[in-house]
Amino acid sequence: MTSTLDGVFLRKVWRRLRDSQVPIVSQEIYSDADNVAKELSRSIKEHLFLPSTIHGYLGIQKGGGVTRFLPILTAEDMGVYYYLCYRLAPKILEKQTGIFGAWHMQPLIRDCTTKEIEAEAFGQGYWQNPFSSKWWLREWRQFNDLIRELLNDRSVGKFVVATDVANFYDSIEVPRLIGKVRQVAHEDNDTVEALNAFLSSWNRRHIGYMPSTKGIPQEIISDASRVLSHFYLQQLDVEFNYYCKSRNLTYIRWSDDILVFGGSKLMLEKAVHHLSRLMRDIGLNLNAAKTRYMSKTELKRYRALDFLSAVSEDDNQKLSKEIKIIKSWISSGRDFRIDTVFRALIGFLSRNQAAQTSINRAFIADIGEHNRDLLHSLNNTQLLRYIQISDDPIATFHNLRNDICKAQFGGPKASYLHMLRKYRNQLSAIGMTKPKAISAIYQIEKSSDDSEVIRDFCVPAVREQYS
């Protein structure tokens, strides 16, 4: 890791921002990275750095009408935040068995290879938009592979409880976090204090000059905050894992998605109670609404693991069988991760021409038609693939635009504009003309009067592509 924030590192961060849903980095700013990095490095060294107020918020739907607002930090602040987090990451993060979501431990790598683009089709939301979707997908599959192993292992018991942390990023206590970082990175005190200054005042647009004591930014890339959130749970992982092993329970975690396997529901209830106490001690709470006790069979169905296995194995015959099973679940009202199925199937069909049967295309269209919130959560690559595999791509292009314009939040609008900006050639190949694109841009802009982020960054960037 570089000892000072230099232009090479800053350009890596800015390149990702320039190409993201909210392109806050223009080419003019990007070209001046060396000078900006030098000035930022000086301000950190001389203890002068303080973050600016954020540009605004990008609203994303969490379901049920609930909106989460992602803060859009300035390009300079994002550069500093990533520099501080990646400088500290090797000193504070430890790899633990059964704990996943640490693809952030890889260096800032972003490429445009086929594997990277294909991996983007499996992304699970705006707030999981890492530097490398390829690393994210690799670790996500490893986590699901471990779940399959545990499902087939009789020694871990027949039951499982799934839960997660309620409002995780917003609930992290900044003084406690900084105290933990100081303990393990005391030799790099200046970096720790700069991080403390950042986390104490990054959101003063919302809370004013009062120092912030709770919450880290769920920023548009999210890799930097993922470093800190992962570290925040690290000691809890050790303590809860010890508790579980002493009682023949098995604990695994993906980010704040927690699973515990055991021999009885009573044992798992006691484990959740103990975990709740550990969470309480660091200012967190488990999400009661998302805590569910299941048999292994129910977990396998809920996470659609056989379906995901068919997708990862590129097995058309097995996939056809699994789609029939998924349809029966939908008809009978069974509960399962339809969002994961939807995204995985879009990715599979887009790369497998033989699987693009009229039945499979109709299945995708039916899920989208009856799950509008799910359509609103697709990223730019998923939107493109959804359009491409439809029976009438241009009609789907227009219908998506019309539907997204009705949304009360900016996230899907940012993704749609990002698709227009990034995939102009692919959209042209299905019949999207320049006038149609300009009309779509205008309509989305017209529907975004209350979103300064859409107006100030997303619309100008895509309009430049079609001027």
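Biologist: Which residues of helix α8 (residues 174-184) are buried?

Modeller: V174, L177, I178 and V181 are the buried residues of α8. Bear in mind that this is a predicted model.

Biologist: How do I read such a spacing?

Modeller: Start with the general idea. An α-helix has 3.6 residues a turn, so residues three or four places apart point the same way. Now the case here. Looking down the axis of α8, the buried residues fall within an arc of 95 degrees, so they line one face of the helix.

Biologist: Which exposed residues sit on the face of α8 turned away from the buried side?

Modeller: P175 and Q183 are carried there.

Biologist: What do the buried residues of α8 pack against?

Modeller: They pack against α4, α9 (189-201) and α11 (223-232).

Biologist: Next, the core. How do I read that?

Modeller: In soluble globular proteins, nonpolar side chains tend to be buried together. In this model, the largest nonpolar core has 153 residues. W14, L199, F307, Y416 and L420 touch the most other members. Helix α4 (residues 75-92) gives the largest share of this core, 12 residues.

Biologist: Which residues does W14 touch, leaving out those up to four places away in sequence?

Modeller: W14 touches V25, I29, Y30, A33, V36, A75 and E76.

Biologist: Now the sheet. What is the order of the strands in the open sheet of five?

Modeller: The order is β3-β5-β6-β4-β7, with mixed pairing. β3 (99-100) and β7 (292-295) are the edge strands, and each pairs on one side only.

Biologist: In what sense do β5 and β6 pair, parallel or antiparallel?

Modeller: β5 and β6 pair in the antiparallel sense, over five bridges. Take T250 as a case: its bridge partner in β6 is F261.

Biologist: Which helix lies across β3, β5 and β6?

Modeller: Helix α12 (residues 234-245) does, and it runs at about 155 degrees to β5.

Biologist: And the loops? Where does S255 lie?

Modeller: S255 is in the loop between β5 (250-254) and β6 (257-262). Check its backbone: phi of S255 is near 55 degrees, a positive value in a residue other than glycine. A304 also deserves a look, with phi near 50 degrees, again positive in a residue other than glycine. A304 is found in the loop between α14 (296-302) and α15 (305-312).

Biologist: Is A304 buried or exposed?

Modeller: A304 is buried, with a relative accessible area of 1%. Now try D449, in the loop between α24 (434-446) and α25 (452-465). D449 is exposed, with a relative accessible area of 61%.

Note on methods. Residues are numbered from 1 along each chain as its sequence is written. This is a predicted model: local features need pLDDT of at least 70, side-chain atom pairs count only at pLDDT 80 or more; totals for chains, interfaces and linings use all residues. Side-chain values use heavy atoms; hydrogens and water are left out. A nonpolar core is a set of buried Ala, Val, Leu, Ile, Met, Phe, Trp, Tyr and Cys residues joined through side-chain atoms within 4.5 Å. Buried means under 20% relative accessible area, exposed over 50%, partly exposed in between (1.4 Å probe, protein chains only). Helices (H or I, at least four residues) and strands (E, at least two) are DSSP runs, numbered from the N terminus. Contact means heavy atoms within 4.5 Å. The arc is that of the directions from the helix axis to the C-beta atoms. Two strands pair if DSSP finds at least two bridges between them. Axes are lines fitted to C-alpha atoms, for helices over the stretch in contact, and angles run from 0 to 180 degrees between N-to-C directions.
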